[in-house]
Amino acid sequence: MKDDKKTVLLNEIHFWKENKILPEHYCDYLIALYTQGDESQQPKKRKRNKKIFQWEAILPLLLLICIVGMAVITYITAISFGMQTLFLSIFVVILIFSWFYFRKKNLNPMLVYITAAFLLLFYTVQINGAFFENKTMSLYWLLLANCIIWMISGLVGKKLFFTLSGFIAMVFLLLLIII
């Protein structure tokens, strides 16, 4: 067997061994078979590319922190509307970068959409407090507009989750308005 083909084959067997595609003893047998027991012919082991910081694990946590942070800012603290809007803008920038990252890595961006829906909901409550002095009827109408946005987004983006949640929330809101 030619050396270049043997090297390619041995590299492939080492890859199988590292990623546990074949049991280790099978790989050792194949390596010994193709090198005829000569360790000098075995290719040097490649360094494994280990990521210390994995965005795929951190990003969902960051998005959850955005939701919790906005809930705390909206309901617990007494921050002015301008500061709340500043924090919301920071969260929106994080969402935009997250969406591009999810899209680049071909991951499901549903978590980004859900986080955006929650932030829209919190901002709707902020708008009611800032412009309508926390009147109940204005909050109902703003939430109804929010539900319509969810339904339209669900229909356009073909996300059944948003369509159903917008519809169910709209039905409950209409019942609250009527009753």
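Guide: Let's start at a turning point: α4 is followed by Asn106, whose phi is positive, near 55°. Helices (H or I, at least four residues) and strands (E, at least two) are DSSP runs, numbered from the N terminus. Please keep in mind that this is a predicted model, where local features need pLDDT of at least 70 and side-chain atom pairs count only at pLDDT 80 or more, while totals for chains, interfaces and linings use all residues. Residues are numbered from 1 along each chain as its sequence is written, and side-chain values use heavy atoms, leaving out hydrogens and water.

Visitor: Where does Asn106 lie?

Guide: Asn106 sits in the loop between α4 and α5. Most residues other than glycine have a negative phi. The phi of Asn106 has a positive value in a residue other than glycine. With 70% relative accessibility, Asn106 counts as exposed. Here buried means under 20% relative accessible area, exposed means over 50%, and partly exposed is in between (1.4 Å probe, protein chains only).

Visitor: Which residue with a positive phi follows α5?

Guide: That is Glu133, with phi near 50°. Glu133 is in the loop between α5 and α6 (136-157), and is exposed at a relative accessible area of 60%.

Visitor: How many helices and strands does the protein chain have?

Guide: There are 7 helices and 0 strands, and along the sequence the pattern reads α-α-α-α-α-α-α. Of the 179 residues, 27% count as buried. To see how the chain comes together, look at contacts, meaning heavy atoms within 4.5 Å. Among those between residues at least 6 apart in sequence, 54% join residues at least 24 apart.

Visitor: What span should α4 have, and how far apart are its end C-alpha atoms?

Guide: The expected span of a helix is 1.5 Å times one less than its number of residues. For the 24 residues of α4 this gives 34 Å, and the end C-alpha atoms are 34 Å apart, which agrees. For α5, 22 residues should span 32 Å, and its end C-alpha atoms are 31 Å apart, again in agreement.

Visitor: Which residues of α4 are buried?

Guide: They are Gln84, Leu88, Phe91, Leu95, Ser98, Tyr101 and Phe102. In α5, the buried residues include Val112, Leu119, Phe122 and Gln126.

Visitor: Which residues have the most contacts inside the largest nonpolar core?

Guide: In soluble globular proteins, nonpolar side chains tend to be buried together. A nonpolar core is a set of buried Ala, Val, Leu, Ile, Met, Phe, Trp, Tyr and Cys residues joined through side-chain atoms within 4.5 Å. The largest one has 14 residues, and Met70, Phe91, Leu95, Phe102, Val112 and Leu119 have the most contacts inside it. At least two residues of this core come from each of α3 (55-76), α4 (81-104) and α5 (110-131). The helix that gives the most is α3, with 6 residues. Apart from this core lies another, of 8 residues, among them Leu143, Cys147, Met151 and Met170.

Visitor: What is Met70 in contact with, leaving aside its neighbours within four places in sequence?

Guide: Met70 contacts Gln84, Leu88, Phe91, Leu119, Phe122 and Gln126.

Visitor: How many salt bridges does the structure hold?

Guide: Side chains of opposite charge can pair when their charged atoms come close. The cut-off is a side-chain nitrogen of Lys or Arg within 4 Å of a carboxyl oxygen of Asp or Glu. The structure holds 1 salt bridge: Asp28 pairs with Lys17, their closest N and O atoms being 2.5 Å apart. Asp28 lies in helix α2 (residues 24-35) and Lys17 in helix α1 (residues 3-18), so the pair ties together parts that are 11 residues apart in sequence. Asp28 is partly exposed, at 33% relative accessible area, and Lys17 is partly exposed too, at 22%.

Visitor: What does Leu22 touch, not counting residues up to four places away in sequence?

Guide: Leu22 touches Trp16, Cys27 and Leu30. Leu22 is placed in the loop between α1 and α2, and counts as partly exposed at 27% relative accessibility.

Visitor: Which residues form a nonpolar patch on the surface?

Guide: Leu160, Leu164, Phe167, Ile168, Val171, Phe172, Leu174, Leu175, Ile178 and Ile179 form it, with about 1000 Å² of accessible area together. Patches are made of residues with over 30% relative accessible area and no salt bridge, joining like charges within 9 Å and nonpolar side chains (Val, Leu, Ile, Met, Phe, Trp, Tyr) within 5 Å. Accessible areas come from the Shrake-Rupley method with a 1.4 Å probe, and for residues only the protein chains shown count as cover. The accessible surface of the protein chain comes to about 12600 Å², with 69% belonging to carbon and sulfur atoms.
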